[in-house]
Amino acid sequence: MWRSTGRRAASGRFWAIVLGAAAGLFLLGFLIGWFAKPTDKKPSVSPHEDMKAAFMAEMKAENIKQFLYNFTQLPHLAGTKENLHLAQQVQAEWKEFGLDSVQLVHYDVLLSYPDDTKPNYISIIDEHGNEIFNTSLSEPPPPGYEAVRDVVPPYSAFSAQGMPEGELVYVNYGRTEDFFKLEREMGINCTGKIVIARYGKIFRGNKVKNAELAGAKGVILYSDPADYCAPGTDPYPNGWNLPGGGAQRGNVLNLNGAGDPLTPGYPAKEYTYRLDKASGVGLPKIPVHPIGYHDAESLLRNMGGYAPPHSSWKGNLNVSYNVGPGFTTNYSTRKVKMHIHSHNEITRIYNVIGTIRGTVEPDRYVILGGHRDSWVFGGIDPQSGAAVVHEIVRSFGKLRRKGWRPRRTVIFASWDAEEFGLLGSTEWAEENAKVLQARGVAYINADSSIEGNYTLRVDCTPLMYRLVYSLTKEIPSPDEGFEGKSLYESWYKKNPSREYKEVPRINKLGSGNDFEVFFQRLGIASGRARYSKNWNVEKYSSYPVYHSVYETYEIVERFYDPAFKNHLTVAQVRGGLVFELANSVVLPFDCRDYASAVSNYAHIIYNLSRNHEEELATYNVSFDALFSAVKNFTEVAASFHERLQQIDINNLIAVRSLNDQLMFLERAFIDPLGLPGRPFYRHVIFAPSSHNKYAGESFPGIYDAMFDIKNKADQHEAWEEVKRQISIAAFTVQAAAGTLKEVP
């Protein structure tokens, strides 16, 4: 018995020594391995950074190129079967890519189409009504597309029907200031006239509204070579300029954020009450039609009346640019006649909505959206954007299939009917407004990825400035001469900010795209990014073939981005923003930048008011309350940021609480009553300009109240409105500061 116990003890000691030695050798090996690790390879920063790097590396230029080709072989006009088929294709592929769910969501909205049996055109008629000249009925097709059916001819969507005839008046760009020049300085009355305006500078809907207010009975829109041809470049197909037979389609609504004209404020579903078709929101009351510069030259060639008031009224056609009214003496009996037969009809549209559910905060949504519908082939607008969204979805899906999920839920959207007034996005946001207001973290827009190939262009909320700058420092520049440098460096070198020192320029958000409802109505932090031209040098509008039949895959592949490196860069910016917003523990918003911006805008609007020193004194107008609110907001934002630095990121409740303050800051700038006459534009700091939907205006309520104030009939009433708007702005900024204060 003793011997067996001794044997057991001896064998226990033996195994203890063996195991101890093994453990010692393991530890020694581990330490040798640890210290022998190559020093140049940094240890992994964090799972977040690892996954972000994997996500960014997954996106490929070649895939974007292939997707763009696939999306541009047929026209995808909203409301057509081709665009439904594309929606179904996108839905199937997003499911295949690995999203949790992908739905088609439909709405029945008012759209507008030409009449197949009665084409739209414009003619010059003699005193007997005989047509001496008629504009073209369609654009000459680009090479390789001659056999494509269902190319919609150039038209102005939602134009009124009619066949007005009258004298022609040339109104330059049809801007507010152009009509002021005609009416106030030149004494030209446009009542009962047909006006011809060149495209460019402002949104076409604003041109039509201005013409209506001036009493015009019809509007002809045309693309002047001065605005749609870059010097030294050939027309397509030999270059990327607009050919003389090309014309720009587009809607001419003045919706001011309403969405579907018949269901303002509410989703256009089967059960929804609809306004009468004739009394829809924002519909023009006069006929409108677009033409190319060859046809425009024929209309403008014999213009009589007044000479152009300034050289800035002259384009690059071989004509005098006389203003009119009417033609020169030899042709004075001739008139212009419009023949417009387009019709509006309620039509079904389809959004594609895909989702990846978040792990920690599934009730917080980061949205990436861009539209799918195009006027014809959509080579640039929108498919250069849709192809990028597709590659971002594929890359997110690949991570998801490997078991990864974002912290917050990501929603991907392929919007329909953007070209008809941002209808798909607006109706979806209206249907989901309650949930979006409570849960929407951010919206990143993804229309055209390119409008040039010079440098990056970003428009976003000030909350995202810091995020955009830090992200672009991590992305390589695709630009020649910037090899080995960051996108931030090339962007800063090519387009430095005019407002802030030593950073690239970021623009204010205006409208004309699908972020409108999210930002301007709901107050969800929003941003957009694309590759753009050199705006300082390239003075033509947007890009020459915009909304024409010549916007093909080939124009992108041959001229704009042959290697698709700019597309990839835009994918990395858009995708990177979504990744950071969905996955950072603390939301990457910086409220101090909002404070700087609001302070800057307050000084700008105050300086504008100083053009009226006498009236400010007479009517006792003061900006003191606004400046006081701005000062308070700045202090509160600084102390909030300090508090953010001290946060224990393992305390989920504390993180969630501060994140909610950041998320709801944009919401705090929303006025539920909206801007005067524009109830769906509710952001007090930013709105689309009343004179150009595309441009953003800061403190729009005050700006609009002061616009052209010297010519208001009742000066007392006018300045009272300025005072009211200053008080609304001061209250809103002060209230926003309150949302950032520490919860007592």
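Let us begin with the overall picture. One stretch stands apart from that: over residues 1-44 the pLDDT stays under 50, and the model has one contact beyond four places in sequence for them. Where pLDDT is low, predicted coordinates should not be read in detail.

The protein chain has 22 helices and 19 strands. Its C-alpha atoms fill a box of roughly 135 × 70 × 55 Å along the principal axes. The radius of gyration is 30 Å, which agrees with the value near 27 Å that a compact globule of 744 residues would have. Of these 744 residues, 59% count as buried. Among contacts in the protein chain with a separation of 6 or more, 79% are between residues 24 or more positions apart.

Now let us turn to the parallel sheet. Four strands form it, in the order β6-β7-β8-β10, and the sheet is open. At its edges are β6 (168-170) and β10, each of which pairs on one side only. From one strand to the next, the twist averages 25 degrees.

Is β8 enclosed or left open by the rest of the structure? Five of the five residues of β8 (residues 218-222) are buried, so the strand is largely enclosed. Gly218, Ile220 and Tyr222 point one way from β8, Val219 and Leu221 point the other way, and all are buried.

Look next at the partners of β8. With β7 (residues 194-198), β8 pairs in the parallel sense over five bridges. Along this pairing, Ile196 stands opposite Ile220, and Arg198 stands opposite Tyr222. With β10 (residues 288-291), β8 also pairs in the parallel sense, here over four bridges, and Val219 stands opposite Val288.

After the helix comes Gly215, whose phi is positive, near 90 degrees.

From here, move along to Lys337, which has its place in strand β11 (residues 335-339). Is Lys337 buried or exposed? At 19% relative accessibility, this lysine counts as buried, because the cut-off for buried is under 20%. Leaving aside neighbours within four places in sequence, Lys337 is in contact with Tyr121, Ile122, Ser123, Ile125, Met163, Pro164 and Glu165. The C-alpha atoms of Lys337 and Glu167 are separated by 8.9 Å, although these residues are 170 residues apart along the chain.

The last stop is a sheet of mixed pairing. Seven strands form this open sheet, in the order β1-β12-β14-β13-β15-β17-β16. At the edges stand β1 (101-113) and β16 (455-460), each with a single partner strand, so one side of each is left without a neighbour in the sheet. Neighbouring strands are turned by 20 degrees against each other on average, direction ignored.

Within this sheet, β13 (residues 361-371) and β14 (residues 408-415) pair in the parallel sense over eight bridges. His371 has Trp415 in β14 as its bridge partner. Helix α10 (residues 423-431) packs on the sheet, where it touches β1, β12 (343-356), β13 and β14, and its direction makes about 120 degrees with that of β1. Another helix, α13 (residues 487-494), lies across β16 and β17 (525-532), running at about 85 degrees to β16.

Definitions and conventions: Residues are numbered from 1 along each chain as its sequence is written. This is a predicted model: local features need pLDDT of at least 70, side-chain atom pairs count only at pLDDT 80 or more; totals for chains, interfaces and linings use all residues. Side-chain values use heavy atoms; hydrogens and water are left out. Buried means under 20% relative accessible area, exposed over 50%, partly exposed in between (1.4 Å probe, protein chains only). Helices (H or I, at least four residues) and strands (E, at least two) are DSSP runs, numbered from the N terminus. Two strands pair if DSSP finds at least two bridges between them. Axes are lines fitted to C-alpha atoms, for helices over the stretch in contact, and angles run from 0 to 180 degrees between N-to-C directions. pLDDT is the predictor's confidence in each residue, from 0 to 100. Contact means heavy atoms within 4.5 Å. The radius of gyration is taken over C-alpha atoms; the globule rule is 2.2 Å times the number of residues to the power 0.38.
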